[in-house]
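Please work through the exercises below with the structure open beside you, trying each task before you read its solution.

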Amino acid sequence: MGLSAFGADLRVGIIGCDTSHATAFAETLNNPAAKGHVPGGKVVAAFEGGSPDIPESASRVEGYAKTLREKYGVKFYDNIPELCQNVDVVLLESLDGRRHLEQVKPVLQAHKPVFVDKPMAASLQDVVEIFRLARKAGVPLFSSSSLRFAKDTQVVHGGSIGKVSFAETWGPCELEPHHPELFWYGVHGVEALFTILGPGCRTVQRGTAADGKIEVVGTWRGGRKGVFREDKNFHGQAWGEKGEAPAGSFDGYVPLVAQFMQFFRTGVAPVKPRETIEIFAFMEAAAESKIKGGVPVKVRY
């Protein structure tokens, strides 16, 4: 179920104004003069949201909401069902993954295609439930980090070096006490790793590098391996049948905006639910491995 029949720009609604993604996406969609402007939709409505027990959320809502209202002419609604009555598609942007399951329910009930930003949820159980509800309602839904669509990662994903046997990605891994260790920010580097290697990870071992930073090693089917390491910047490297190549970069938000706008038009998600679910199973296994002293833990979902 896509929205290709719509002739005019899609009316886009945002849930959650506690992240810079809300204003960045509005700039890319609403401003024809913006660098990398993506046509076909316009942010017209928003629900503020926010989580008072997460400082990064509570301190940002007012400022980002003000920008959306004053710079982009976005209308605000007091509840999500009302917002859904006035939009064609939804971007679920709330910074707090714990909120996503409850916030997505009225969107699915209104049959509005939805992109769920990272972290998709604060538990694997919630991720599975969100996909179950979307499937039951027959509503297109997907979730992804913008890192999945970086050019170097997509080149490797497309087979430039053949089947990849080993990959490493690096990225920031700020922690948040209400989310498992990797969920809050490590999810981006993990998503890049899965874009390179694909699903099929069997075990995860969470360790610590010589400098004390997080290091997570995954073993895939056939003995392939992937490593995510904490670092201040996003980068990586992959080794395959035809050589090696860089991967895991961050190319900004425009590639992601282009992907979810295409998804809204076609109803075809660029990431299968199984892979997204496995990414969260990987991160939960890493958390379990840490608790157990760094032993390998099976990826279960």
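**Exercise 1. Find how many salt bridges a search of the whole structure gives, and follow three of them.**

Solution. A search of the whole structure finds 18 salt bridges, where a salt bridge is a side-chain nitrogen of Lys or Arg within 4 Å of a carboxyl oxygen of Asp or Glu. The model is predicted, so local features need pLDDT of at least 70 and side-chain atom pairs count only at pLDDT 80 or more, while totals for chains, interfaces and linings use all residues. Residues are numbered from 1 along each chain as its sequence is written, and side-chain values use heavy atoms, with hydrogens and water left out.

Step 1. Begin with Asp88, which forms a salt bridge with Arg11, the closest N and O atoms being 3.0 Å apart. Asp88 lies in the loop between α4 (80-84) and β4, and Arg11 lies in strand β1 (residues 10-15), so this pair ties together parts that are 77 residues apart in sequence. Helices (H or I, at least four residues) and strands (E, at least two) are DSSP runs, numbered from the N terminus. Asp88 counts as buried at 8% relative accessibility, whereas Arg11 is partly exposed, with a relative accessible area of 34%. For these words, buried means under 20% relative accessible area, exposed means over 50%, and partly exposed lies in between (1.4 Å probe, protein chains only).

Step 2. Turn next to Asp53 and Arg98, whose side chains meet in a salt bridge (2.9 Å, N to O). Asp53 is found in the loop between β2 (41-47) and α2 (55-58), and Arg98 in the loop between β4 and α5 (100-109), so the pair ties together parts that are 45 residues apart in sequence. Asp53 is partly exposed, with a relative accessible area of 36%, and Arg98 counts as partly exposed at 27%.

Step 3. Finish with Glu191 and Lys118, whose side chains meet in a salt bridge (3.1 Å, N to O). Because Glu191 lies in helix α8 (residues 186-197) and Lys118 in the loop between β5 and α6 (124-137), the pair ties together parts that are 73 residues apart in sequence. Glu191 is buried at 0% relative accessibility, and Lys118 is buried with a relative accessible area of 8%.

Step 4. Salt bridges that share partners join Asp53, Asp96, Arg98 and Arg99 into one network.

**Exercise 2. Work out the order of the strands in the open sheet of six strands, and name its edges.**

Solution. Step 1. The order in this open sheet is β3-β2-β1-β4-β5-β6, with parallel pairing; two strands pair if DSSP finds at least two bridges between them. The edge strands are β3 (75-76) and β6 (141-143), each of which pairs on one side only.

Step 2. Strand β4 (residues 89-92) pairs with strand β5 (residues 114-116) in the parallel sense over three bridges, and the bridge partner of Leu91 in β5 is Phe115.

**Exercise 3. Locate the cis peptide bond and the residue with a positive phi that is not a glycine.**

Solution. Step 1. Most residues other than glycine have a negative phi, and most peptide bonds are trans. A cis peptide bond joins Lys118 and Pro119, with omega about -10°, and Pro119 has its place in the loop between β5 and α6.

Step 2. His111 has a positive phi of about 60° although it is not a glycine, and its place is in the loop between α5 and β5. His111 counts as partly exposed at 43% relative accessibility.

Step 3. The helix α5 is mostly covered, since seven of its ten residues are buried, among them His100, Leu101 and Val104.

**Exercise 4. Describe how β9 pairs with β8 and with β10.**

Solution. Step 1. Strand β8 (residues 201-208) and β9 pair in the antiparallel sense over seven bridges, and the bridge partner of Thr208 in β9 is Ile214. Their hairpin has five residues between the strands, and Gly212 takes a positive phi near 90° there.

Step 2. Five bridges join β9 to strand β10 (residues 225-230), and the two run antiparallel; Gly218 stands opposite Gly226 in β10.

Step 3. Five of the seven residues of strand β9 (residues 214-220) are buried, so β9 is largely enclosed by the rest of the structure.
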